[in-house]
Amino acid sequence: MVRFVCYRSAQLINRVGTAMYAQTSVQLFNQLQRDGYHSAELRLIADVYFLATRLFAARVEPSGRCFISHVVGTASILSANAAPAELVAAGLLHNVYCTGDFGDYRNSVTDSRRRQIRNAIGDGAEQYVYRFAIRRWNAAGLRETYEQLSEIPELDRRVVLLYLADQLEKHQGLEILYFRDHEQRCRYYREFGPLLVDMARQLGYSALSQQLHEAVQATLESTIPAELRSQNSHRFSYLCIPESCQSKRTMPALLAASRRIRRMLGKTRRLVVGRTVAGG
Amino acid sequence: MYAQTNIQLYNQLGHSECLHGDLALVRSAYELAVRLFAGLYRPSGKTFLSHVVGTASILHEIKGKPALTAAGLLHSAYTHGDFGFAGRISTRARSKRLIEVVGTETEAYVRMYTEHPRIMCHTDELQERIDEMTLAGREVVLLHVANELEDHLNGGILYCHNAAKHRDKLAARCELLSCLACKLGSTVLQREIDRVFAECHTQPLAPELLQRMARPVSYRILPESCRRSAWLSAYDMMRQVLRRSEEMKRTA
């Protein structure tokens, strides 16, 4: 028999383990109505969600979870922290420039991509998405942001809030433990977890800070059965290309190979027949 | 609260007592579901994967049978699953693939589920037949009920394009499902159906949040890079580079 091991109270693991925040559009839309967003704001967020379904179609986290669930969860955390509608909308597309599929085989910020997003969600929300993409979130960048937190402008403070929501979302239900490289990630959070908690506190989001603290601790102190851990080799989210598209891609190659083989066989046959005729 | 992601489902399994092999079965079923239902959405706009996870979660809560939970994850594999070659793959090859991953028991549930797609329409006849059904047959009916119940969780059905039409049918649907749950001998399920449908009844319709397109059934969104040919994208990229170099020349 298998049971999850958590060294903290069972209450905590249940709270982190069950859905505190939305994971589907339906749950998010219900929450937004409860949180009191007005009609135009709801329309904007719904439009952005349907755009996200297109840009993140078939994208999967290394744990196997739909990427859409992650962005919905991020938006849900922002909504719970009374963020403006534009920031909630940005939450749904926060990493679109790095992971969104625009059909241009790139993973960076380009003018055409920015134009496309600006047309869809407006200038204000796009600014959050853009700044999220250009700000460095690696160890050095995070330390720099932490040190300058009191001096950075309001727009960037909101982008930091977006990042904290993104980080909390990744800890929902101990997801980090389901990654194949969970040990490396746990080391990262052991070092930078307190920093994230303090950043949320400094921004004035004490509830978010407390949740981050609890979520990081639960992740670090729990174990899960190895059978449930992801078996794929992906370290970051990846595109799970539908099988029909895969066959579409491989079919021309297969057809070309078969044509080449047939041509070679024909040549060999002609050569053999020619020799036999000449010999005869 | 039922699971909507694989992580939540795994946590749910972890809190009940499951054997290692059962966990591996459910994980394998989920991994196959990810491949078959990539880019697929319900008419409400929810991902199809969330729907199958929710169905599996309900089944696990009610029955706690790993093969049936795995079948919940793959219940629409034959009807909605993308097995490649644009649907021109034989039924035999599909079932072979399913058996390789999840075994014969789970595959049998999925096959039986697919063979009776309109089972929920012939309710009176079905209610009479339930007593005569085999255990597997009754479990397949349970799978149908769980599938319907999942669509109504959190009022999901009320975000479809034709929400008003669905709303009119709520009472009749609730009565039918409740009756079937009673026939199947599951009072827990019957209570859950009443709770979920009562929530749906009280939920107001929000026109701003409804699905924008009229999608009566589940739909697939292909990733943009699969829709466009690589040559066309390379051509676009080349044009962009040329335009930029021209601009640089002009400014210089």
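# Briefing on a two-chain predicted model

In chain A, residues 24 or more positions apart account for 74% of the contacts with a separation of 6 or more, a contact being a pair of residues with heavy atoms within 4.5 Å of each other. This is a predicted model, in which local features need pLDDT of at least 70 and side-chain atom pairs count only at pLDDT 80 or more, whereas totals for chains, interfaces and linings use all residues. Residues are numbered from 1 along each chain as its sequence is written, chains are lettered from A and ligands numbered from 1 in the order in which they are written, and side-chain values use heavy atoms, with hydrogens and water left out.

**The two chains**

- Chain A contains 13 helices and 4 strands, where helices (H or I, at least four residues) and strands (E, at least two) are DSSP runs numbered from the N terminus.
- Of the 280 residues in chain A, 54% are buried; buried means under 20% relative accessible area, exposed means over 50%, and partly exposed lies in between, with a 1.4 Å probe and protein chains only.
- The accessible surface of chain A comes to about 12700 Å², and carbon and sulfur atoms hold 52% of that surface, the areas being computed by the Shrake-Rupley method with a 1.4 Å probe.
- Chain B has 12 helices and 2 strands, and its elements run from the N terminus in the order α-α-β-α-α-α-α-α-α-α-α-β-α-α.
- Buried residues make up 53% of the 252 residues of chain B, and this chain exposes about 11800 Å², with carbon and sulfur atoms supplying 55% of it.
- In chain B, 75% of the contacts between residues at least 6 apart in sequence join residues at least 24 apart.

**The largest cavity**

- The whole structure holds 4 cavities of 30 Å³ or more; on a 1 Å grid over the protein atoms alone, a cavity is a set of points where a 1.4 Å probe fits but cannot get out, and lining residues have an atom within 4 Å of a point.
- The largest cavity has a volume of about 120 Å³, a volume being the space filled by probe spheres set on the grid points, which are joined across faces, edges and corners.
- This largest cavity is lined by 17 residues, and those closest to its centre are Ala58(A), Arg59(A), Cys66(A), Gly39(B) and Leu49(B).
- Two or more lining residues come from each of β2 (59–60) and α4 in chain A, and from each of β1 (40–41) and α3 (48–62) in chain B.
- By class, the lining of the largest cavity divides into 14 nonpolar, 2 polar and 1 charged, with Ala, Val, Leu, Ile, Met, Phe, Trp, Tyr, Cys and Pro taken as nonpolar, Asp, Glu, Lys and Arg as charged, and the others, Gly among them, as polar.

**The second largest pocket**

- The lining of the second largest pocket comprises 12 nonpolar, 8 polar and 8 charged residues.

**Non-glycine residues with positive phi**

- Ala58(A), although not a glycine, has a positive phi of about 65°; this residue sits in the loop between α3 (39–55) and β2 of chain A, and is buried with a relative accessible area of 9%.
- Leu174(A), likewise not a glycine, has a positive phi of about 60°; this residue belongs to the loop between α10 and α11 of chain A, and is buried at a relative accessible area of 1%.

- Glu150(B) lies in helix α8 (residues 135–152) of chain B and counts as buried because its relative accessible area is 0%.
- The side chains of Glu150(B) and Lys46(B) are joined by a polar contact of 2.8 Å, a polar contact being a pair of N or O atoms within 3.5 Å of which, within protein, one must be able to donate a hydrogen and the other to accept it, while residues adjacent in sequence count only if both atoms are side-chain atoms.
- Leaving aside residues up to four places away in sequence, Glu150(B) touches Gln4(B), Lys46(B), Ser50(B), His51(B), Gly54(B), Thr55(B) and Ile58(B).
- Thr55(B) is part of helix α3 of chain B and is buried, at 0% relative accessibility.
- With residues up to four places away in sequence left out, the neighbours touched by Thr55(B) are Gly72(B), His75(B), Leu143(B), Ala146(B), Asn147(B) and Glu150(B).

**Arg195(B)**

- Arg195(B) is placed in helix α10 (residues 187–202) of chain B and counts as partly exposed, at 35% relative accessibility.
- A polar contact of 3.0 Å links the side chains of Arg195(B) and Glu199(B), while the C-alpha atoms of Arg195(B) and Leu153(B), which are 42 residues apart along the chain, are separated by 9.7 Å.

Note on methods:
1 Å grid on protein atoms, 1.4 Å probe; cavity = no way out; pocket = protein on both sides within 12 Å on 5 of 7 lines; lining within 4 Å.
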